[in-house]
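Here is a short report on one chain.

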Amino acid sequence: MSNEELNRQFDIVHKENQQYMKIFEDYMIKEGLTKRTMRKHMYNIDMFLECYMTYEMPYHMREGCYSVNAYFDGFITKKTSYSTMEDVKSVIATLNKFYKLMYELRYITVEDYMEYLNTVKYHKYDWEMAMYKAKIKLYLKGDWWV
C-alpha cells in the first residue's frame, strides 16, 4: 500500500469514527447523561477509536470488537501510564455503551458484539490486575505521584 493510499485509508477511518462518535454523543444526550459523564465517555471513545485503532494502521470501528484485549493488555498500560483500575472500569463502561449502541443500530453484527462481550467477560480482571501491577512498579521506582 502506498503512502498516498494509506493516508486515504486513515482519512476514511477518521471520518467514519467522527460519525460514530457523533451518533454516540447524540445517544447520550437523548439518554440524559450529565455533561461531565458525557465528556468522560467521549474522551474514552476518542482514545480508543482515534488513538488506538489508528495507532499504526487505520482499523475500522468494527475491528475493535476483536482487539479490545490488546488495547487493555498493552496499549493502555504502555501509552497511558496515568491510568488507574478505575480508569479501566470507566473505559469498559464506555465501550459497553458504545458497542451496544453500534449493535442496536446494526453497525456491527451479533458475532462482533458477542466477541466483544466475551472478551470483556473473560479478561476484565486481568486488565485490572495488569494496571495495578504497573502502578506498583512505578511506585517502587520512586514515582510517588502514582
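V68 lies in helix 3, residues 64-79. The model is predicted. V68 has a relative accessible area of 0%, so this residue is buried. Beyond residues up to four places away in sequence, V68 touches F48, L95, Y116, T119 and W127. The C-alpha atom of V68 is separated from that of Y52 by 9.7 Å, and the two residues are 16 apart along the chain.

**Helix 2 against helix 4**

Two packed helices are described by the angle between their axes and the distance between the axes. The axes of helix 2 (residues 35-52) and helix 4 come within 9 Å. They cross at roughly 85 degrees. The helices are therefore roughly perpendicular to each other. By class, this contact has 8 nonpolar, 4 polar and 3 charged residues.

Which residues meet there? Helix 2 brings K40, H41, N44, I45, F48 and L49. Helix 4 brings D87, S90, V91, A93, T94, L95, K97, F98 and Y99. F48 of helix 2 and L95 of helix 4 take part in this contact, and both also touch V68.

Helix 4 has 20 residues, and at 1.5 Å a residue they should span 28 Å. The end C-alpha atoms are 28 Å apart, which agrees. The buried residues of helix 4 are V88, S90, V91, I92, T94, L95, F98, Y99, L101 and M102.

R106 is not a glycine. R106 sits in the loop between helix 4 (85-104) and helix 5 (110-141). With 59% relative accessibility, R106 counts as exposed.

**Cysteines**

How many disulfides are there? The count comes to 0. C51 is in no disulfide, and the nearest cysteine sulfur, that of C65, is 19 Å away. A disulfide needs two cysteine sulfur atoms within 2.5 Å. The sulfur of C65 has its closest cysteine sulfur in C51, and 19 Å is too far for a bond.

| Residue | Relative accessibility | Class |
|---|---|---|
| C51 | C51: 31% | partly exposed |
| C65 | C65: 0% | buried |
| V68 | V68: 0% | buried |
| R106 | R106: 59% | exposed |

Terms used. Residues are numbered from 1 along each chain as its sequence is written. This is a predicted model: local features need pLDDT of at least 70, side-chain atom pairs count only at pLDDT 80 or more; totals for chains, interfaces and linings use all residues. Side-chain values use heavy atoms; hydrogens and water are left out. Buried means under 20% relative accessible area, exposed over 50%, partly exposed in between (1.4 Å probe, protein chains only). Helices (H or I, at least four residues) and strands (E, at least two) are DSSP runs, numbered from the N terminus. The expected span of a helix is 1.5 Å times one less than its number of residues. Contact means heavy atoms within 4.5 Å. Axes are lines fitted to C-alpha atoms, for helices over the stretch in contact, and angles run from 0 to 180 degrees between N-to-C directions. Angles under 35 degrees count as roughly parallel, over 145 as roughly antiparallel, 65 to 115 as roughly perpendicular and the rest as oblique. Ala, Val, Leu, Ile, Met, Phe, Trp, Tyr, Cys and Pro count as nonpolar, Asp, Glu, Lys and Arg as charged, and the others, Gly among them, as polar.
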